[in-house]
Every structure is written in structure tokens, then in C-alpha cells.
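Welcome! We will go from the whole chain to single residues.

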Amino acid sequence: MLSFIGTDWTLSLLHAGSYLNIDDILASNERTSCRVRVLLPSLAPLLLSDVKDKIHSEGIDDGYKASDDVPVGKNIELPVWLAIAVGSGRRQILSIDVPPIYRNAFTEVFEADPCVVDLKRKGSMYYMLLCNLLMSGHVRVPQIVATGTKVFQSRLKMIMDASLNASRQDTLSSTSKFDSLEMALFRIGQTDRLQFERWISRHHEKIEALRTVRHVLVK
């Protein structure tokens, strides 16, 4: 499994949608609200929690009931990957709504100051989930992308400052608002800083010329 935490090169987000990208799997499993546009027969026990609870409490009945249908206009919550699969393209079975972190209320906050938003609590997979929403065909996607770009550009300086200056004591407070991608960037920056400090203090490996270079110099 590939992960932001374990593998630095996934930070490019080029592997969004990859079958083995655990971050993409976690992000696309986030639930979002949808509105049903066509009748979904016999799917209420599968999609509606109140019907599922009733079945568990009263026992399973194999006979068909009209109440087992999901009516047109019903609001349901689905994982993002499933909502995109059945709600985009030609099918248009569902009308997909974006998760709360990408709606107007948060957009206004991001426009004011992206650094004040606690992405760890409000959207721990903010950037990766944004990549998934690109395939949803939602009318707000261009605005979401523009906002996400501004958020990343604004918060990158905060991430760099934290990774270069945070001590072990205040690491938790410095990273308390970071999402998974930002946390990975922080760890990379902190690792590079520690390696540089080790090199400055001569605790790192000795720097030597390549064997071929030494051979040429000897000649």
C-alpha cells in the first residue's frame, strides 16, 4: 500500500485514483450527501439507515414491499467513490453534493485566511478528496479547485516555517491544523532540516569524491 506517511513520492498526487494508494482509498470513502433523481427499486434496505435498522429489529422479510424503494428526491449519504460512480456521466442517477468543507461557508473563510482553518478536524484528507471530486462533474468543481490552490499556496509557508523551526516540544501545536498531505510535507521538511544539522555538526557521513574522480586526479 502506498501512503503519504510512508512514501514521499506520493506527495505529487500523481497517484490519486491508484488502486494501491491507501490515502486515495481513505479519501474516496468519505461520505457525501446525494439526492436521488430516479426511483431505486428495492435498494432502501441497502442505502437507508432507518430501513436497515427496522430490518434488524423486526427480522428479514424476503417479500417485496413498496417501502423498500428509494423514492425520487430522497436525500441519502454515500461514499464519494460510489456517488461519483453512479451520479456522474450519462447515468445521472444521483445529484451529488460536495462535502461541507468545499461549500460556500468554508470558501468564505478560506478567502479571508486559509491558515485559520483546522483541516485536521474539518477535512483531514482535504487535498486528496479534492482530486477525487474533479471526476464528479459538479458545477462547483472549478471554484473548489481555485480555492484549494489558494489554500495550499497560503498554507505552504506555514508548513515550511513549522518544519524548519518547530522543536520537539511544540511539534504537536504546530501541526494541529494540518491535513494528511500537509503533515507529510512537514515531516519531509523536518527530516531534511535534521539531516542538514547533522551535516553541519559533522555527525553525517563523510563527503568524498567519487572513485572515478579520484582516479582521474591521481593520473
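What share of the contacts in the protein chain with a separation of 6 or more comes from residues 24 or more positions apart? The share is 68%, where contact means heavy atoms within 4.5 Å.

Before you select anything, note that this is a predicted model, in which local features need pLDDT of at least 70, side-chain atom pairs count only at pLDDT 80 or more, and totals for chains, interfaces and linings use all residues. Residues are numbered from 1 along each chain as its sequence is written, and side-chain values use heavy atoms, leaving out hydrogens and water.

**Stop 1: the whole chain.** Colour by secondary structure. Of the 219 residues, 35% are buried. Here buried means under 20% relative accessible area, exposed means over 50%, and partly exposed lies in between (1.4 Å probe, protein chains only).

**Stop 2: the largest core.** Now select Ile-76, Tyr-102, Phe-110 and Tyr-126. In the largest nonpolar core, which has 32 residues, these four touch the most other members. Such a core is a set of buried Ala, Val, Leu, Ile, Met, Phe, Trp, Tyr and Cys residues joined through side-chain atoms within 4.5 Å. Helix 7 gives the most to this core, six residues. Next, centre on Phe-110: leaving aside neighbours within four places in sequence, its contacts include Ile-101, Val-117, Leu-119 and Tyr-126.

**Stop 3: a second core.** Select Ala-162, Ala-166, Met-183 and Phe-186. They are among the six residues of a second, separate core.

**Stop 4: charged pairs.** Side chains of opposite charge can pair when their charged atoms come close. A salt bridge is a side-chain nitrogen of Lys or Arg within 4 Å of a carboxyl oxygen of Asp or Glu, and the count here is six.

- Arg-103 and Asp-97: their closest N and O atoms are 3.4 Å apart.
- Lys-157 and Asp-161: the N to O distance is 3.0 Å, and both residues lie in helix 8, four residues apart, about one turn of the helix.
- Arg-193 and Glu-197: the N to O distance is 3.7 Å.

Is Arg-193 buried or exposed? Arg-193 counts as buried because its relative accessibility is 15%, while Glu-197 is partly exposed at 40%.

**Last stop: the loop.** Select Met-135, in the loop between helix 7 and helix 8. Met-135 counts as exposed because its relative accessibility is 53%.

Terms used:
Helices (H or I, at least four residues) and strands (E, at least two) are DSSP runs, numbered from the N terminus.
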